[in-house]
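Here is a short report on a protein model.

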Amino acid sequence: MSVFSTASVRMRALAKDPQVTRLAVILALLLIFFAAVRTPSFVRLSTWQSMAVQFPEFGLMALGVMLTMIIGGIDLSVVAIANMTGIGAAVIMLSIAPPGSDPSQAVPAILAAVAFSLVAGALAGMFNGFLVAKIKIPAILVTLGTFELFTGIAVIITQGKPISGLPTQYSEVFAAKLGGIVPMQLVMFALVVVVIWFLMSRTALGTKLYLLGTNPTAAEFSGLNTVSLTVRTYMLSGIFSAVAGLVMLANYNSAKADYGSTYTLLAVLIVVLGGVNPNGGSGRLAGTVLAVIVLQVLSSLLNTFPDISNFYRPLIYGGVLLLVIVMNQWYKPGNFARFFTRKG
Amino acid sequence: MTDLLAVRNVSKSFAGVHALDDVSLTIGRGEIHCLAGENGSGKSTLIKVISGVHAPDGGTIEIDGTSHKRLTPMAAINAGVQVIYQDFSVFPNLSVLENLALTSELAAHRKLINWRRMRRIAEEAVAKIDFDIDLDEKVGRLSIAEKQLVAISRALMSDAKLIIMDEPTTALTTREVDALFRIILDLKERGISTLFVSHKLEEVFEISEKFTIIRNGRSVATKRPDELDRASFSFYMTGREFEPAHFNAPADSGPAVLEARNLGADGAFADVNFSLRRGEILGITGRLGSGRTELALSLFGALKVNHGEILIKEKPVVLRGIRSAIKHGIGYVPEDRLTEGLFLERSIGANAIISEIDNMLTPLGLLDREKTRTEAQRWVDELKIATPDPENAVNTLSGGNQQRVVLAKWLATEPEVLILNGPTVGVDIGSKSDIHTILQDLAREGMAVIIISDDLSEVIENCSRVLVMNDGRIVAELDPEETSEAELAALMAHDESEEAGVQR
């Protein structure tokens, strides 16, 4: 993670990171349990393909939340940005290539829609970043407010109804299976992961973001441009959310203002589970990616038990989130002991 | 009659470092005692042991004839030990009345508030020291001296036998110091002992009856005031012979690199004029609240100025913010390195090179890791930062080494003017003299340096010129070679309103 270490040192550091190790162990146990009790679906390729289609939706949002949390903020507006930009993309696609139009219209329509959604995502993120960095409103309030704002825009555009009838070429590209096996959604997620890894470990920006999250005052006193750094971070989060919106558009073949409404909590849960310090300054990409996979496997596993209805899901997610936070608190040096010795 | 407090052979280590090593201290009833030592000598740890905050690893504490093996804060208070910290631990948003009465109300486990009873309690408390104050005033609006009296009144409420005061006169004017001393003497009459904690001889010299001096966690001397003079005091404190060394700026060093003309910021300072040339070390000294920190922040673009102008290399500039000051070649080592200077959990390397990281890119715009590594190592070697690996987090370092990291960060920007606010606060003696040497060397190489400090010996030994600030104004410009610490202290504490005969 740090810019000063050699590759081998970094591998050792990664292996030593307790949170990453814990997540790897949890994932391994989950997979063993899965293989043991649901062997038929475990060995089926389609099980894994449907997971790889699903998790990029919230995984991409979680990556955005991770970046904002590393600088000591949070982004609760990711779902709203994804829906708003997805709806915008759908509207543009339909206006250039309405149902029944010439198939040759589809390519410019898709290109325009993708370009629009990425730009709109960046602008939405910029707006968040501006309010946080320049007006100095706590990130949790800003993004809670813009969550409502962006959702509101989405509701007004759609009148609350889903938009469908997209050109079939869109899902043929964004829901394709590369080589007949690898879903396009997974490829997009992987691309974003590579971009973030590159930013955080190979550029000056990464180092600056970690420092900004560690101590914003010292960052200011060291001459870092904290406003620009913050705005850029929220912009990245907005762009990743827009990509998530494109993935959702491909998965559902439609756009609606209230898709993925459980993803806000899920994205925060993933980032905390991944070992990112909510106070900023630390967190590993590897942890977050592992946490995304752990939660997807857990969710798919739950799906194979018909007795456990979907109603249990918030309960399980909320429980896991609190458990992880409590555990992280315990694993800080001395905290575990204090938990028992402190009596009045 | 037995002593009121007897600390016998107390030791305490933190993570293997001896903060206290076999320290003993006795205080008689009604005695005014001074515990002296440099920053980091173990003074605060000893106070925390006496007040029950830290349990000692060895030794005993005897209060009023009762020996305590494991003293808790509650037990210490019940035994009559009260500590008044430098921040006074008052609630600024509450009134004097509430500050005084709430503790006893809480201690009595009262669930409902009876304002009449609380007022009576508060009135009794201030009457004990003849303290004339509006009980309904918010404590945050009081002067520092008044806040201190509130803290003293509160301490006396709980039948105190020993009052410990941490650097009590640092921010007071001479008149306020006199008023405080009258109260202390009055307490003495009533058999209440006082323990001053100080790192300056002049602070409480005239009133103290006994001095215990500790150094590096050991008690090195227990003396009466007539057995001490400046030289011996500073020898006990530092372990070095007192040698008044001075720094001299080169005679002709060209035009001014930094100049302030009638500089003023509302509510902080006004009419500040000075000019600084290459190779000079300018000292700015003054008490807490004299405007010295605000002036430093203004020169670094972190605080807006309302009046006057700043000239850099004889050209007027407007500093729109910290980044603009840095562009103009100004560096600033902040007052509080922990909150303003360092990224504690990050590596020493990252901390040292952050200000120059944009110059360490490969042609493709990526970080040149070889370069960052060698640069980090270079700073560790150059400033003799004691660490096995620049990859280690900064919070693994001692105060002195942390301060070197902050210095490294600024030297990396190759500033023309380096402003240091309290460069050696909380730094061990060895590092302190190293840092002084570094600063003098930088000046000899042509850098213009400003040291802002209330450590008088630091200012006198290292600066080629000293400005004294008092109440937001520069009241004197001195040549340190012809100035004693006592004269400097008097100028800092001088109360303007006193001379004019103005009553507060």
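## One leucine and its surroundings

Leaving aside neighbours within four places in sequence, Leu366(B) is in contact with Arg202(A), Thr203(A) and Leu361(B). The model is predicted. Leu366(B) sits in the loop between H12 and H13 of chain B. Is Leu366(B) counted as buried, partly exposed or exposed? It has 14 C-beta neighbours inside 10 Å, so Leu366(B) counts as partly exposed. A residue needs 20 or more such neighbours to be buried, and 12 or fewer to be exposed. Arg117(B) gives a sense of scale: Leu366(B) and Arg117(B) are 249 residues apart in sequence, and their C-alpha atoms are 69 Å apart in space.

## Where the chains meet

The contact between the chains takes 29 residues from chain B and 21 residues from chain A. Four helices of chain B each give two or more residues to the side that touches chain A: H10 (322-327), H11 (337-341), H12 (348-353) and H13 (369-382). H13(B) supplies the largest share, 4 residues. By class, this side of chain B has 14 nonpolar, 6 polar and 9 charged residues.

## Chain A as a whole

Chain A holds 16 helices and 2 strands. How does its radius of gyration compare with that of a compact globule? For 344 residues the globule value would be near 20 Å; chain A has 21 Å, which agrees. Along the principal axes, its C-alpha atoms fill a box of roughly 70 × 55 × 45 Å. Buried residues account for 45% of the 344 residues.

## Domains of chain B

| Domain of chain B | Residues |
|---|---|
| Domain 1 | 5-238 |
| Domain 2 | 255-329 + 418-423 + 450-497 |
| Domain 3 | 335-414 |

The centres of domain 2 and domain 3 of chain B, taken over C-alpha atoms, are separated by 28 Å. Their contact takes 6 residues from domain 2 and 4 residues from domain 3. On the domain 2 side, the residues that touch domain 3 are 3 nonpolar and 3 polar, with no charged residues.

## A four-stranded sheet

Chain B has an open sheet of 4 strands. The order is S12-S11-S14-S15, with antiparallel pairing. Which strands form the edges? They are S12 (269-277) and S15 (315-317) of chain B, and each pairs on one side only. Direction ignored, neighbouring strands of this sheet are turned by 25 degrees against each other on average. S14 (residues 307-312) of chain B pairs with S15(B) in the antiparallel sense over 3 bridges. Leu311(B) has Pro316(B) as its bridge partner in S15(B).

## A helix with buried residues

Helix H3 of chain B spans residues 96-107. Its buried residues include Val96(B), Leu97(B), Glu98(B), Asn99(B), Leu100(B) and Ala101(B). What covers them? The cover includes H4 (115-127) and H5 (144-157) of chain B. His109(B) follows H3(B) and has a positive phi, near 55 degrees.

Conventions. Residues numbered from 1 in each chain as written. Chains lettered and ligands numbered in written order. Predicted model: local features only at pLDDT ≥ 70, side-chain atom pairs only at ≥ 80, totals over all residues. Rg over C-alpha atoms; globule rule 2.2 N^0.38 Å. Domains from an automatic or database assignment. Contact = placed C-beta atoms within 7 Å. Nonpolar A, V, L, I, M, F, W, Y, C, P; charged D, E, K, R; others polar. Pairing = 2+ DSSP bridges. Axes fitted to C-alpha atoms, helices over the stretch in contact; angles between N-to-C directions.
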